[in-house]
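Subject: Structure for you to look at

Hello,

Here is the structure I promised to pass on. Please open it first, then read my notes below.

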Amino acid sequence: MQTLDAIGRQRVVRAFTSEPLPDDALSTILHAGRRAGSSKNLQRWAFVTVTDRETLRRLSEVGPWCGHIAGATVAIALVTPDPRADGSPLSIMWDLGRAAQNITLAAWDLGIGSCPGTVYEQALCRSILGYPEDHHCEYILSLGYPVDPTDLTRPLQPGGRHDLASMLHEERW
Ligand SMILES: Cc1cc2nc3c(=O)[nH]c(=O)nc-3n(C[C@H](O)[C@H](O)[C@H](O)COP(=O)(O)O)c2cc1C
């Protein structure tokens with residue numbers, strides 16, 4: 001029931017207070033990411049945590065919709081082997097999505113909001129975070145306590161999700 005509650009009510013949060021996250025909360029959140037299942041159990045992900053305010057501000061410039069990172073309490077950069085390298089399987093990003101979902105659901109369970117930021121400026125992101133050339137960061141998660149705690153569960157706007165009927169095909173497309 002709790003899992004269904006989280007799936008049914010979780011919203012992204014983009015405005016955070018300055019209250020620090022307890023160390024055990026961040027640890028719980030990171031372990032939730034680590035716990036995700038992955039194709040062939042390869043676990044092709046690494047997490048870079050950032051709390052330094054100036055680094056968070058610089059990270060907020062890696063994409064046009066990454067402004068929320070500047071105000072995050074912690075950012076978790078999700079780093080994988082380069083998914084665009086020759087022969088790279090799509091499962092790298094499937095697996096990363098599972099880890100990211102675990103992270104955001106664990107955070108939500110602890111009353112901590114989160115939001116992804118999509119990285120467009122790859123060279124800038126690499127220069128800030130320093131991961132190796134054969135690795136890649138497509139997404140960074142902002143985390144923090146929400147300025148407005150009701151943000152965690154604010155109702156979807158009308159039409160905020162497509163109707164199931166519009167995407168469901170039974171037996172055959
Ligand atoms: C792959 C992915 C990338 C996203 N990138 C961004 C982003 O760059 N900036 C941002 O503010 N939100 C980003 N989001 C959050 C979406 O905008 C958000 O999930 C969507 O609007 C639905 O919001 P809700 O879950 O609160 O209903 C991203 C979400 C996903 C799944």
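**Around the ligand**

An N or O atom in the side chain of Arg 161 is 3.1 Å from an oxygen atom of the ligand. That is a polar contact, meaning a pair of N or O atoms within 3.5 Å. Before going on, note that this is a predicted model: local features need pLDDT of at least 70, side-chain atom pairs count only at pLDDT 80 or more, and totals for chains, interfaces and linings use all residues. Residues are numbered from 1 along each chain as its sequence is written, and side-chain values use heavy atoms, with hydrogens and water left out.

Two further contacts stand out for a look. Arg 11 places a polar side-chain atom 2.7 Å from an oxygen atom of the ligand. Trp 65 uses its backbone instead: an N or O atom there lies 2.7 Å from a nitrogen atom of the ligand. On its own, the ligand has 620 Å² of accessible area, and the protein covers 62% of that (Shrake-Rupley method, 1.4 Å probe).

The shell around the ligand has 13 residues (near means a heavy atom within 4 Å). Arg 11, Val 12, Arg 14, Trp 65 and Thr 118 come nearest. By type, the shell holds six nonpolar, three polar and four charged residues. Strand β3 (residues 113-118) gives the largest share, four residues. Strands here are DSSP runs of E, at least two residues; helices are runs of H or I, at least four.

**Helix α2**

Helix α2 covers residues 23-34, twelve in total. From first C-alpha to last it reaches 16 Å, close to the 16 Å expected at 1.5 Å a residue (1.5 Å times one less than the number of residues). Which residues of α2 are buried? They are Ala 25, Leu 26, Ile 29, Ala 32 and Gly 33 (buried is under 20% relative accessible area, exposed over 50%, with a 1.4 Å probe and protein chains only).

**Two positive phi values**

Lys 40 is in the loop between α2 and β1 (46-50). Its phi is near 55°, positive in a residue other than glycine. Lys 40 counts as exposed because its relative accessibility is 75%.

Glu 171 lies in the segment after β4 (135-144). Glu 171 is not a glycine either, yet has a positive phi of about 70°. At 85% relative accessibility, Glu 171 counts as exposed.

Best wishes

Terms used. A polar contact is a pair of N or O atoms within 3.5 Å; within protein, one must be able to donate a hydrogen and the other to accept it, and residues adjacent in sequence count only if both atoms are side-chain atoms. Ala, Val, Leu, Ile, Met, Phe, Trp, Tyr, Cys and Pro count as nonpolar, Asp, Glu, Lys and Arg as charged, and the others, Gly among them, as polar.
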